[in-house]
Amino acid sequence: MFSAVYLVCMLNQSCLFAADNKVYQSLDECKHYAELTIENNTLRAQNGEIPPFKAEYQCIGWEKA
């Protein structure tokens, strides 16, 4: 099982950590949904719904947590 953890940074603000509430069954599934989440939020930022940001993610296996 895997969880996606994000580092999100916005201009003139501290960077924030966030994690998905969903648990993923595979690394590929985790990566897919993490990239989709960043893409969807990037579109929201481009539409002015949320502030512009930079984000990175890492999928962490529960055996390492």
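A contact here means heavy atoms within 4.5 Å. With that in hand, contacts between residues 24 or more positions apart account for 52% of those in the protein chain with a separation of 6 or more.

The structure is a predicted model, where local features need pLDDT of at least 70, side-chain atom pairs count only at pLDDT 80 or more, and totals for chains, interfaces and linings use all residues. Residues are numbered from 1 along each chain as its sequence is written, and side-chain values use heavy atoms, with hydrogens and water left out.

Let's look at the overall build. The protein chain has 1 helix and 3 strands, arranged β-β-α-β from the N terminus on. These elements are DSSP runs numbered from the N terminus: helices are H or I with at least four residues, strands are E with at least two. Along the principal axes, the C-alpha atoms fill a box of roughly 35 × 20 × 15 Å. Of the 65 residues in the protein chain, 22% are buried.

Now for one pair of side chains. A salt bridge is a side-chain nitrogen of Lys or Arg within 4 Å of a carboxyl oxygen of Asp or Glu. By this rule there is 1 salt bridge: Arg44 pairs with Glu49, and their closest N and O atoms are 3.3 Å apart. How open are the partners? Buried means under 20% relative accessible area, exposed over 50%, and partly exposed in between, using a 1.4 Å probe and protein chains only.

| Residue | Relative accessibility | Class |
|---|---|---|
| Arg44 | 34% | partly exposed |
| Glu49 | 51% | exposed |
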